[in-house]
Amino acid sequence: MTDNNLENELRPAIAILGLGPMGQALAAAAIAGGHPTVVWNRTPDKARALVAQGAVLAPTAVDAVRAASITVACMIDYDAVRASVADVTDWPTCTLVNLSSGHAGEARAMAGWAAQRGIGYLDGAILTPATTIGTRAATILYSGPRSLFDRGRTLLETFGGTSIYLGDDVGTGAAYEMALLDLFTMAVGGLAHAFALAVAEGIELAAFARFAKGIGGLLPDMADRFADQLAAGRFPADVSSIASANSAVAHVSAAAAARGIDTAPLEAVQRIIGRAAAAGHGGDSYARLAQFLAKADHADA
Ligand code: NDP
């Protein structure tokens, strides 16, 4: 084995398919980690900066996969990944790691699709923004065959701080990602709604932002309480009760209506709280609400 081959053995070649902000960050981290890096994107222009850093631009996804021992796909969704690699017929030793967002069912379907073609498949979920990739702040979850995670580990760790293997159920990473994205999406919706009301009330926005950060600061402890109480099945309202939330959301809804702000998001929360209160849980903590979101509960809403 020549020195060059030995180096490649220690630092396996990686193909990155998809060069949106996240794919570009992953490719830059792989290059910085010393891995021979082949990139491909539907729109090849986006590879320019990476080529200047040392990446090789493959003319097709087929060429990219053939050049690598591990292919990382990071695109807008699973369909885009499948469409991009549809023409790849030989995946002799190349593992496909899919870091595109999607739900657990899609990850499992993708694993089935890969198995039919003899492709080793690992699914991943990136929990932190593109700017964290290659830094200690990055967190990426992986699920699928342990042997594939172990084989790709050196390379996958160049993407950043924390790589966590969740187990061989390939949908687990996507399940975490979706539940966390649920939290993020609803929090952003809450922030937008609160700012709309603040603007309508003529509140000084920088001052409002300072108080809003205080509300955000309550969430970490609440997450622990939700986890503990849902696991234990006991919901002591030692901080705030559902009855009190019921009254609070009614006040906010009236304030929003008075200012012509859309009350639909608040009405959705009111319905959940109302179901829990009607079932006799007004004295319980907020964590109890998580038990009143199953689809069957909506029938009587
Ligand atoms: P996007 O989610 O906007 O995805 C853009 C990439 O998808 C581009 O490479 C684009 O190609 C490609 N693409 C879209 N449609 C197709 C198609 N039909 N066929 C082939 N390629 C297609 O950008 P990001 O890079 O930000 O995100 C990639 C993934 O990473 C997403 O699933 C996202 O949820 C996830 N993620 C992103 C984070 C971030 O901070 N950006 C954070 C955490 C997760 P083209 O350039 O040709 O349009």
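Tutor: A term to begin with: a polar contact is a pair of N or O atoms within 3.5 Å; within protein, one must be able to donate a hydrogen and the other to accept it, and residues adjacent in sequence count only if both atoms are side-chain atoms. This is a predicted model, where local features need pLDDT of at least 70 and side-chain atom pairs count only at pLDDT 80 or more, while totals for chains, interfaces and linings use all residues. Residues are numbered from 1 along each chain as its sequence is written, and side-chain values use heavy atoms, with hydrogens and water left out.

Student: OK, which backbone oxygen does the side chain of Thr158 reach?

Tutor: That of Leu155, at 2.6 Å.

Student: And where is Thr158 found?

Tutor: Thr158 is in the loop that runs between helix H7 (146-157) and strand S8 (162-165). Helices (H or I, at least four residues) and strands (E, at least two) are DSSP runs, numbered from the N terminus.

Student: What is Thr158 in contact with, leaving aside neighbours within four places in sequence?

Tutor: Ala29, Ala30, Gly33, His35 and Gly134, where contact means heavy atoms within 4.5 Å.

Student: Now the ligand. Which polar backbone atoms are 3.0 Å from a ligand oxygen?

Tutor: One belongs to Leu19 and another to Met75. For Ile76, a polar backbone atom is 3.1 Å from an oxygen of the ligand.

Student: Which elements give two or more residues to the shell around the ligand?

Tutor: Helix H2 (21-32) and helix H5 (78-84). H2 gives the most, with three residues.

Student: How many residues are around the ligand, and which come nearest?

Tutor: There are 21, and Met22, Asn41, Thr43, Lys46 and Ser101 come nearest; a residue counts as near if one of its heavy atoms lies within 4 Å.
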